[in-house]
Amino acid sequence: MEDYLKTKGRIFDIQRYSIHDGNGIRTIVFLKGCVLHCRWCCNPESQSYEIETMMVQGEPKIIGEDTTVGEVMKTVEKDRTYYRRTGGGLTLSGGESLCQPKFARDMLRAAHEAGITTAMESMGCADYSVIEEILPYLDQYLLDIKHMNSKKHEEFTGRGNELMLENAKKIAASGMTELSIRIPVIPGFNDTPEEIRDIAVFTRELGHVKRLHLLPYHRLGQDKYDGLNRPYLMGEVKPPANEKMQMLLKVAEEFSGVECQIGG
């Protein structure tokens with residue numbers, strides 16, 4: 001067995017047959033651990049690296065499993081036929097995959113060596129040297145950019161955005177991967193035309209960006225906070241109306257100069 005197949009990591013879910021988070025039909029591997037605590041996070045069980053217990057439909061469920069690249073690849077390999085037909089493959093998500101840099105790198109390498117396309121949903125919040133090691137094995141980088149104002153970014157996520165924006169420039173300049181920018185559209189945080197415009201302008205300036213996704217806020221993860229005995233900090237905030245999203249989409253299209261869509 002190749003050494004990289006023995007690399008250990010901690011995951012909390014594997015989702016097969018997904019049509020989101022990359023091209024085609026995908027298998028999404030969710031890694032545990034994150035550097036941010038976004039108020040709207042729909043996977044709060046991903047934030048801590050520690051193995052936790054979460055109440056799910058009245059029953060305790062252990063969240064977090066230690067595994068190896070080789071063990072995860074057994075599941076990923078099952079849907080090779082679907083990947084081939086649709087251009088799909090493996091996507092790493094979380095949490096923030098870069099919090100487990102060796103495991104993320106070796107998962108992507110294993111898929112790459114097996115002829116399976118790869119994607120990673122990430123905020124780019126790590127030393128660029130970590131990202132550099134991953135890029136040779138990464139076909140699509142789905143890079144979250146939440147806000148251009150660092151102070152507001154820190155208020156809502158727990159950390160400023162300087163490192164992420166600097167890494168976005170370096171990833172784009174490398175030309176080594178297909179880069180998509182993803183904006184979670186959060187009422188009260190970044191849902192004004194001006195805030196979307198600022199990210200769209202940054203996207204244009206990056207160059208080498210394939211597309212821009214606007215991801216409307218939803219409340220689907222709220223029950224998880226109850227299951228973890230944690231407060232849901234978004235209160236009664238409602239998802240943005242379709243009319244609002246269509247308006248923001250037009251702003252994104254006008255100022256980014258790239259293909260834009262809602263969802264993805």
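This is a predicted model: local features need pLDDT of at least 70, side-chain atom pairs count only at pLDDT 80 or more; totals for chains, interfaces and linings use all residues.
Residues are numbered from 1 along each chain as its sequence is written, and side-chain values use heavy atoms, with hydrogens and water left out. Helices (H or I, at least four residues) and strands (E, at least two) are DSSP runs, numbered from the N terminus, and two strands are taken to pair if DSSP finds at least two bridges between them.

**The sheet**

- An open sheet of mixed pairing is formed by 9 strands, in the order S5-S1-S2-S6-S7-S8-S9-S10-S11.
- Strand S5 (65-68) and strand S11 (259-262) each have a single partner strand and stand at the edges, so one side of each is left without a neighbour in the sheet.
- On average, and with direction ignored, neighbouring strands of this sheet are turned by 30° against each other.
- Helix H1 (residues 69-77) packs on the sheet, where it touches strand S1 (8-18), strand S2 (26-31), S5 and strand S6 (89-93), contact meaning heavy atoms within 4.5 Å.
- The direction of H1 makes about 85° with that of S5; axes are lines fitted to C-alpha atoms, for helices over the stretch in contact, and angles run from 0 to 180 degrees between N-to-C directions.

**Strand S7 and its partners**

- Strand S7 (residues 117-122) runs parallel to strand S8 (residues 140-144), to which 4 bridges join it, and methionine 120 stands opposite tyrosine 141 in S8.
- S6 and S7 also pair in the parallel sense, over 4 bridges, with leucine 90 opposite threonine 118 in S7.
- Of the 6 residues of S7, 5 are buried, and the strand is mostly covered; buried means under 20% relative accessible area, exposed over 50%, and partly exposed in between (1.4 Å probe, protein chains only).

**The hairpin of S3 and S4**

- Strand S3 (residues 52-56) and strand S4 (residues 59-63) run antiparallel and are joined by 5 bridges, with valine 56 opposite glutamate 59 in S4.
- The hairpin has 2 residues between the strands, and glutamine 57 takes a positive phi near 50° there.

**Helices H1 and H3**

- H1 packs against helix H3 (residues 101-113) at an angle of about 45°, with the axes 10 Å apart.
- H1 and H3 are therefore oblique to each other, since angles under 35 degrees count as roughly parallel, over 145 as roughly antiparallel, 65 to 115 as roughly perpendicular and the rest as oblique.
- On the H1 side, Val69, Val72 and Met73 meet Phe103, Asp106, Met107, Ala110 and Ala111 in H3.

**Tyrosine 17**

- Tyrosine 17 lies in strand S1 and, at 47% relative accessibility, counts as partly exposed.
- Residues up to four places away in sequence not counted, tyrosine 17 touches Ile25, Arg26, Asp79 and Tyr82.
- Tyrosine 17 and aspartate 79 are 62 residues apart in sequence, while their C-alpha atoms are 8.1 Å apart in space.

**Histidine 153**

- Histidine 153 is found in helix H5 (residues 150-157) and, at 1% relative accessibility, counts as buried.
- With neighbours within four places in sequence left aside, the contacts of histidine 153 include Leu36, Lys146, Met164 and Phe189.
- The side chain of histidine 153 reaches the backbone oxygen of arginine 159 at 2.7 Å.

Note on methods: A polar contact is a pair of N or O atoms within 3.5 Å; within protein, one must be able to donate a hydrogen and the other to accept it, and residues adjacent in sequence count only if both atoms are side-chain atoms.
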